[in-house]
Amino acid sequence: QQTRTGMVTRIDRISGTITIKDVPDGTVGANTSPAAEEFKVQDGSRLNELHAGDRVTFAVSESSGTKTVTKIDKK
């Protein structure tokens, strides 16, 4: 589990998913625009505190091909 930094682009509270676009720390590779990824959220109540455009740090675990956010915090 590594901690990643990103920006929330979409939240689906009904299905318990969040789409986050990775934002690299610093300016190295700033010209590359990484694709946004959709994740399941382990604790769906955390989605109520987040909005599209929020910068977040998050940890992801992968099980059976499903990526799940296990920890997420606003920056």
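Let me begin with threonine 68, which sits in strand E5, the stretch covering residues 66–74, where strands (E, at least two residues) and helices (H or I, at least four) are DSSP runs numbered from the N terminus. Please keep in mind that this is a predicted model, in which local features need pLDDT of at least 70 and side-chain atom pairs count only at pLDDT 80 or more, while totals for chains, interfaces and linings use all residues. Residues are numbered from 1 along each chain as its sequence is written, and side-chain values use heavy atoms, with hydrogens and water left out.

Is threonine 68 buried or exposed? Threonine 68 counts as buried because its relative accessibility is 18%, and buried here means under 20% relative accessible area, exposed means over 50%, and partly exposed lies in between, with a 1.4 Å probe and protein chains only. If we set aside its neighbours within four places in sequence, threonine 68 is in contact with Lys40, Val41, Gln42, Ala59, Val60 and Ser61, contact meaning heavy atoms within 4.5 Å.

That brings me to the strands themselves. The chain has zero helices and five strands, so that, read along the sequence, its pattern is β-β-β-β-β. Two strands pair if DSSP finds at least two bridges between them, and E4 and E5 pair in the antiparallel sense over eight bridges, with valine 56 having lysine 74 in E5 as its bridge partner. These two strands, E4 and E5, form a hairpin with two residues between them, and serine 64 in the turn has a positive phi of about 55°.

Let me turn now to a loop residue. Histidine 51 lies in the loop between strand E3 (36–41) and strand E4 (55–63), and histidine 51 counts as partly exposed because its relative accessibility is 46%. Which residues does histidine 51 contact, leaving aside its neighbours within four places in sequence? They are Val8, Ile11 and Arg13, and, C-alpha to C-alpha, histidine 51 is 8.2 Å in space from threonine 9, although the two are 42 residues apart in sequence.

Finally, a word on the chain as a whole. Of its 75 residues, 29% count as buried, and among contacts between residues at least 6 apart in sequence, 51% join residues at least 24 apart.
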